Structures are given as structure tokens and as C-alpha cells.
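Please read the report below alongside the sequence and the model.

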Amino acid sequence: MNRSSLIQSQQWLISILAIIVLFFDTTCISAAQAKIVPRLSVKRPPFLGEPAKFSEPVSEDFQTFFYNQTLDHFNYRPESYKTFQQRYVMNFKYWGGANASAPIFVYLGAEADLDYDLSGVGFLNDNAHRFKALQVYIEHRYYGKSIPFGLTKEEALENANIRGYFSSAQAIADYAEVIIYIKKKLFAENSPVIVVGASYGGMLASWFRLKYPHVALGALASSAPILYFDDITPQNGYYSVVTKDFREASESCYKTIKESWSEIDSVAAEPNGLSVLSKKFKTCYQLNNSDELKDYLRIKYATAAQYNDPPLYPVTMVCGGIDGAPKGSDILSRIYAGLVAYEGNMSCYYTHITYDSKTIRGWGWQKCSEMVIPIGRGDNDTMFPPAPFNLTTFSRDCTSLYGVPPRPHWVTTYYGGHDIELFLLRFASNIIFSNGLRDPYSSGGVLKNISQTVLAITTVNGSHCLDILLATSTDPDWLVMQRKAEVEIIESWIAQYYVDLHAMKK
């Protein structure tokens, strides 16, 4: 096999695994409620044959360390003092040093192995030279190599006593401990810290700045849907944006998708209808019911919208296939053409997969405990069939899995959310909320300035976490300007910090 073929094969495997991860977000186990949505992941799955993007100094300049982390930061029982090894990675390449009080950029890991972030998140490394910043990346507890007691993810999640320490509050307390430890170890107590996070990690970054303002000078929270809790955001917010993305791309495409659901059900109801659908869509396995196909297509459309990145613009790819189908094609033939345009012409399509990802299992617990994001759809308010979020059913399913019900109001109780403009105006500062308005999760984001230092940066054509990914020579001007604005705001925070630091030393 030549190098080109090997790379293409590797990309195909990566694509399949990424699609599996996206598909099995265990928001709710009830298939009838169709609660599966793309999880809060930073990057979209690569397309077949698309070159992978990696940060230039991944192997040599990143140094891995482990911190002896406290298991429970909030209690004083003997077991609370147990510790585990938490991974963090540092890059000293551009750091100006402690004597210059050079800044420290800290990336707060989210619901994935830290290696995933090192290869794809570019904001820190792209700007470290300009700021002479130390780069630090901290892995979230219970992910990657940071699972307590050296257990596997499965063992940790199966043990109710150990699983109970798996929460966002414990995670950001971990980050505080690691940052303070690093600053002391490097004699860098006067180095300002900027925390950066994306998606769920963006929520953590904003909450970290609110809870630990003495540790972090500021926060960049990319695509952080901190308002998608406790019914602050309408349930249909996510799918309303997906619908808007497709409708703006092509009215005919939008109408075809909207009409396709009833057509799928109609064909499925006919004798041998499921076999007809399986053959028409080249499914790898015989469909058991029409919901399998509808959920598969829905997740494809949602993923295309969430990661509608330049230069490929997946929504345009899908609609190009649908609208470009041969003249006279029926609705389902056009839908299939859109699938092929998006996924590539594969030998078959995996619409029914049973795959137990470690990341998905971890996020499943988080969503069944505190990260209750009530995404649903009403009658005729999106291009998708109705599927309202039912908290009673969700709680029942989570309880059957983990033995405890979720706490759907805890996030807003602990971090806030209701009347956010009022309460952030009173005490918050130095937070950037960045959102691309084509990202469905932007419906739960902070989209307007709250004060002179709690700022919202939005881009009309932006998608999920796009601003903190690796910069490329093909990035559109609006994306370049978005990143430029973020950098200039952070520069102003650090400049003012140095003024204040100098004044205190007089």
C-alpha cells in the first residue's frame, strides 16, 4: 500500500470512529424520544480523504506531567483526602519566564482525552509567541489518563462511590490546584493566567473565572452554551438553528428534508418497506424500524450544521447533493444523494451501531447527573419530526442506569444562568463569550455584551468552536478578524494587569 492510500485508509477509519462518537451521545436512552444529538465536542469528524490538521510542535515541545490531585475538594471525610494522578501538558517554547511575569495560557480539558486537544486546538500555540506565554493543557478528571486510582473508565463509572466525584465543580477545583501548583513551582506567582475552553470546556472556562477570579485573570469561552439549562433557552433552540442553516443554504433542500420524514414512514409501512429503505440507503444492516434511518439522517444534518466549517461547509455539501440529484428523482433518492455528497460514496452506511466509547460513557454520566441540556423539538417548529424533551422520562432512564436521578437545576444554582445580564454585570469581568451563529449550540450562548469586560463576539457564518481551532492560510477574513478581536481584548486585560502590578510594587 502506497503512502497516499495509507493516509486515505487512516482517514476513513478516523471518520468512522468520530461518527460513532457523535452518534452515541447518551443524552437519553429512550430512542422513542430521539434525544441523540452531537455532543459538545470541539472538532467535527474528518471527511473521507480529508487531510488531518495537527499543531506543528505536538511531539517535541509538549512535555507531559502528572499532578497528585485531591479526590474530593469539598468534604473532610478520610476518603476525601485520597489522591489520583492527573495529567497536564506544558509547552515552554515561547514563554518569557517568571522574571518577566510572562503570561500563562491554560487550556481546560473537557469530555475527551487530552491528546485530542493537543492535536486540534490552535489558539494557544498560534498566539503564544505574541504573548511570550507558557502553554498549559490540563486533562479533565475521569478522561484520558486522569482516571482515579488507575482504574479503567468502565470500572470508575460502575463504582457508585467513585463515580460520585465526577462533576464539573470538582473538575474546576482540580484546575485551580494545578495552576497554583505550577505557578509556585516555576516561581511565577505574578504571571497572569488566561484560561481557554471550548464547548463544555468553554462553560468550564467561564465558570472558572467566576469561581476562581484570584487564579485566572480572564477567560475565553468558545461556543459555551451556559444558558441551555433549566429552560432558560427554549428546548427547540438547537434544532431551530440547524433548520435555519439548511434553509439559508437552500429553500428546496430544506423542504425536501422536511418532507422526507413522512415519506420514510410511508415506505416503511409498506410490505417489505424496511428492506426497500435498507437497499435504497445502502445500510450495512437491515433496518429494524424507520426511526433508525430517521435518527441517522437527523444526526448527520445536525453534525453538518454544528461543524459547518470553511472551506467545505458541510451544510452546502448536503444541500448540493440533494438539489443536484438527477431531474425527476423522488424525495428519498434526493435525500440519499445528499448523504453521499456528505459522507462520500461508501459501500454501506452504518445506521445501527453498538459501540461503547469511553468518552461517551463519561459524558453520559455527566448528562445524567448535572449537565441536563433539555434539547427537544415541538410540532412543526423545525424541519424535523417533533420530539419534546421529557424530564420525567429522562430522569427515569438515568436512574435506571446509575441509581440516582439527575439534578436539572444544579448548574443554574451553582453557577447561575437566570437573569445572567444582571448578575454578571454586578460582579463578573474579563470573560469573552465567542459564538458562531451557525452553531446550533449558540442558541444557548451569551450573544451580547454584558459589560465593558464581559464581552460577546459573534460571527454570522461561524460554527462550533471554530475560533480556537488551528489557524490556516485559507481561513476567511471574518474568522481572522474574530480571532484578532479576541487577542486584542486579552492583550488589554494583561496590559492593565501589569499596570496594576507595577502600582502595587511601588
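The text below takes these topics in turn.

Residues are numbered from 1 along each chain as its sequence is written. The model is predicted, so local features need pLDDT of at least 70 and side-chain atom pairs count only at pLDDT 80 or more, while totals for chains, interfaces and linings use all residues; side-chain values use heavy atoms, with hydrogens and water left out.

**Confidence**

pLDDT is the predictor's confidence in each residue, from 0 to 100. Its mean over the chain is 90, and 87% of the residues reach 70 or more.

**Disulfides**

A disulfide is taken as a pair of cysteine sulfur atoms within 2.5 Å, and the count by this rule is 3. The table lists the sulfur separations.

| Disulfide | S to S separation |
|---|---|
| C253 and C319 | 2.2 Å |
| C284 and C348 | 2.0 Å |
| C368 and C398 | 2.0 Å |

Helices (H or I, at least four residues) and strands (E, at least two) are DSSP runs, numbered from the N terminus. Buried means under 20% relative accessible area, exposed over 50%, and partly exposed in between (1.4 Å probe, protein chains only).

The link of C253 and C319 is left-handed, with -75° about the S-S bond. This pair joins distant parts of the chain, since C253 is in helix 9 (residues 251–268) and C319 in helix 12 (residues 314–323), 66 residues apart. Both C253 and C319 are buried.

The link of C284 and C348 is right-handed, at 90° about the S-S bond. C284 sits in the loop between helix 10 (273–280) and helix 11 (290–306), and C348 in the loop between helix 13 (331–343) and helix 14 (358–369), so the pair ties together parts 64 residues apart in sequence.

For C368 and C398 the torsion about the S-S bond is about -70°, so this disulfide is left-handed. Because C368 lies in helix 14 and C398 in helix 15 (residues 391–402), the pair ties together parts 30 residues apart in sequence. C368 is buried at 3% relative accessible area, and C398 is buried at 2%.

With the bonded cysteines numbered in sequence order, the pairing is 1-3, 2-4, 5-6.

**Salt bridges**

A salt bridge is a side-chain nitrogen of Lys or Arg within 4 Å of a carboxyl oxygen of Asp or Glu. The count by this rule is 20.

One of them joins R87 and E139, with the closest N and O atoms 2.6 Å apart. R87 is in strand 2 (residues 83–91) and E139 in the loop between strand 4 (134–138) and helix 4 (153–158), so the pair ties together parts 52 residues apart in sequence. R87 and E139 are both buried. They also belong to a network of salt bridges linking R87, D113, D115 and E139.

Another salt bridge, between E488 and K484, has its closest N and O atoms 2.6 Å apart. Both residues lie in helix 18, 4 residues apart, about one turn of the helix. E488 is partly exposed at 36% relative accessible area, and K484 is partly exposed at 40%.

**Surface patch**

L437, L447 and V460 make a nonpolar surface patch of about 240 Å². Patches are made of residues with over 30% relative accessible area and no salt bridge, with like charges joined within 9 Å and nonpolar side chains (Val, Leu, Ile, Met, Phe, Trp, Tyr) within 5 Å. V460 is in the loop between strand 8 (454–459) and helix 18 (477–505), and V460 is exposed at 60% relative accessible area.

Definitions and conventions
Areas by Shrake-Rupley, 256 points an atom, 1.4 Å probe, with all protein chains shown as cover.
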